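Please look over the structure shown below before reading on.

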Amino acid sequence: MRRLGGFYDEIHDFGNLLDAFAKVQRGKRSRPDIAEFRERLDENLLGLSAQLQQGDYDFGHYHSFQVFDPKERTIHAAPVRERVIHHAVINRCGEWLEKGLIDDSYACRRGKGQHAALRRAQEFARRHEWCLKLDIKSYFDSIDQRLLLMKLNRRIKDTRAMDLFVALLDSYSTAPGKGLPIGNLTSQYFANLYLDAFDRWAGAHASRSYLRYMDDMLVFGDREDLRDLQKDAVAWAQENLLLTIKHGGDLLRVSRGVDFLGFQLRGSHLRLNRRSRHRFLFKLKELRTALADGAITETRYQQRVTALCAFVQQGDTYHFRLKHAQSEA
C-alpha cells in the first residue's frame, strides 16, 4: 500500500480546525466547555493552529469516568481543544487509516456500526453450526504503543504527523509503552488498525466466516477447524500483538446462542441477552423516577426512552418492548 504523506499542514489549516470544532460540538452545543470555547472561537482555533505549526503539543488533560455499556469501561474524555485536534487529524488521514481494512470490521466506521455487524453475524449463523467467539482482555489498555507506531509508519510517511502521533500516545499509558485512552476519536482508528493483521490471519481460511466489532470477534465454520484455530489464536495474538485472548476463546454451538454486542444470536432470531434486558429495565426505571421527581423534563424523558428503544429494536424484541415501554416510546 502506498504511504500517505504531505498532509500535516492540512491538519492545522484554519478551515479544517473549524470543521473539526463543528464535529466536536455536534449535539453538545449547550455544554459549558463547548460554549466557552465557542465564545472565542477564532482566537482559540488560531492559537491551536500556531501550536500545531510549531510542534507544541500539550495532550493528556483527561477527565475520567466509568460507564456500563454493557460492561464497565473507564472513559478518558479530553478537553475541547484536544478533541478538536483529534477530529482535525482524522479529517485528513482517517480514510487512509481505514484503507485496506477488511470489509467485515464494523466498529467506528462510516456505513458499518453495531446494527450492520449484528445482521452480518446472523447471516453467518444461518450458514454454520459452530462459532468461535474471541475477545481481547483489556484491549485498549493492552495495546503496545511501539507496535502501533510501526503499523502507523507503514501507512504514513509524514514525519510531522508521526511526531504528533507519538505525542498523542505519550499522553496516556496504563504501563510503560502500553495503552490507548477510550474516548479519543484517534484511539478508535488506531485500535481498528492494530487488529487488522489478526483479521487477515484468522479469516484467511476459505471455509470460515469472520467478523469483528472492535475487539469482539466471531469466527464461524467447521468444528474441528475452529478448535485448531482456537489453540493457534491465543499464541498468535500474544506473539504478534502482545495481546491476551480472554479465557482462550469460546467454541459455541450456534443453536444454543452466541452472545454478541448485547444480543443472543441464533440463525433464526436475535434476542436481547440477559444483561441487556436487565440494563434496559434498570435504565427505564431510572428515567421514570427522574421524571416523577422533576429531575428531567417530559421532552428529555421521551428522547432518552426513544434512544433506549432504538438499541433493543435491533433484535426480535417486539413483545419485550410492548410489555415494558410501548406507552413511552
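What follows is a set of notes on individual residues and pairs, grouped by topic.

The model is a predicted one, and the values given here should be read with that in mind. A search of the whole structure finds 18 salt bridges, while the number of disulfides is zero.

**Cysteines**

- The structure holds zero disulfides, and for Cys 93 the reason is distance, because its sulfur lies 15 Å from the closest cysteine sulfur, which belongs to Cys 108, and this is too far for a bond.
- A disulfide needs two cysteine sulfur atoms within 2.5 Å, and Cys 108, whose nearest cysteine sulfur is that of Cys 93 at 15 Å, is likewise in no disulfide.
- Is Cys 93 buried or exposed? Cys 93 counts as buried, because its relative accessibility is 1%.
- Cys 108, with a relative accessibility of 32%, counts as partly exposed, and its place in the chain is the loop between helix 5 (80-98) and helix 6.

**A positive surface patch**

- Which residues form the positive surface patch? The patch is formed by Arg 2, Arg 3, Lys 99 and Lys 157.
- Arg 2, one of the residues of this patch, is found in the segment before helix 1 (8-11), and it counts as exposed because its relative accessibility is 58%.

**Salt bridges within a helix**

- Glu 123 and Arg 120 form a salt bridge in which the closest N and O atoms are 2.8 Å apart.
- The two residues both lie in helix 6 (residues 113-127), and because Glu 123 and Arg 120 are three residues apart there, about one helical turn separates them.
- Both partners count as partly exposed, Glu 123 at 30% relative accessibility and Arg 120 with a relative accessible area of 24%.
- A second bridge of this kind joins Arg 200 and Asp 196, whose closest N and O atoms are 3.2 Å apart.
- Arg 200 and Asp 196 are in helix 11 (residues 196-202), and because they are four residues apart, they too are separated by about one helical turn.

- The side chains of Asp 144 and Lys 178 meet in a salt bridge, with a distance of 3.4 Å from N to O.
- Where in the chain do Asp 144 and Lys 178 lie? Asp 144 is in the loop between helix 7 (139-142) and helix 8 (145-155), and Lys 178 is in the loop between helix 9 (159-170) and helix 10 (185-194), so that this pair, 34 residues apart, links distant parts of the chain.
- Asp 144 is buried, with a relative accessible area of 9%.

- His 247 is found in the loop between helix 12 (223-241) and strand 6 (250-253), and with a relative accessible area of 71% it is exposed.

**Pairs far apart in sequence**

- Asp 19 has its place in helix 2 (residues 14-24), and at 35% relative accessibility it counts as partly exposed.
- Asp 19 and Lys 283 are 264 residues apart in sequence, and the distance between them in space is 34 Å, taken from C-alpha to C-alpha.
- Thr 186 is found in helix 10, and it counts as buried because its relative accessibility is 3%.
- Thr 186 and Phe 7 are 179 residues apart in sequence, while in space they are 16 Å apart, again from C-alpha to C-alpha.

Definitions and conventions:
Residues numbered from 1 in each chain as written. Predicted model: local features only at pLDDT ≥ 70, side-chain atom pairs only at ≥ 80, totals over all residues. Heavy atoms only, no water. Buried < 20%, exposed > 50% of the residue type's maximum accessible area, 1.4 Å probe, protein only. Patch = residues over 30% accessible without salt bridge, like charges linked within 9 Å, V, L, I, M, F, W, Y side chains within 5 Å. Areas by Shrake-Rupley, 256 points an atom, 1.4 Å probe, with all protein chains shown as cover. Salt bridge = Lys/Arg side-chain N within 4 Å of Asp/Glu carboxyl O. Lys, Arg positive; Asp, Glu negative; His and termini not counted. Charge placed at Lys NZ, Arg CZ, Asp CG, Glu CD.
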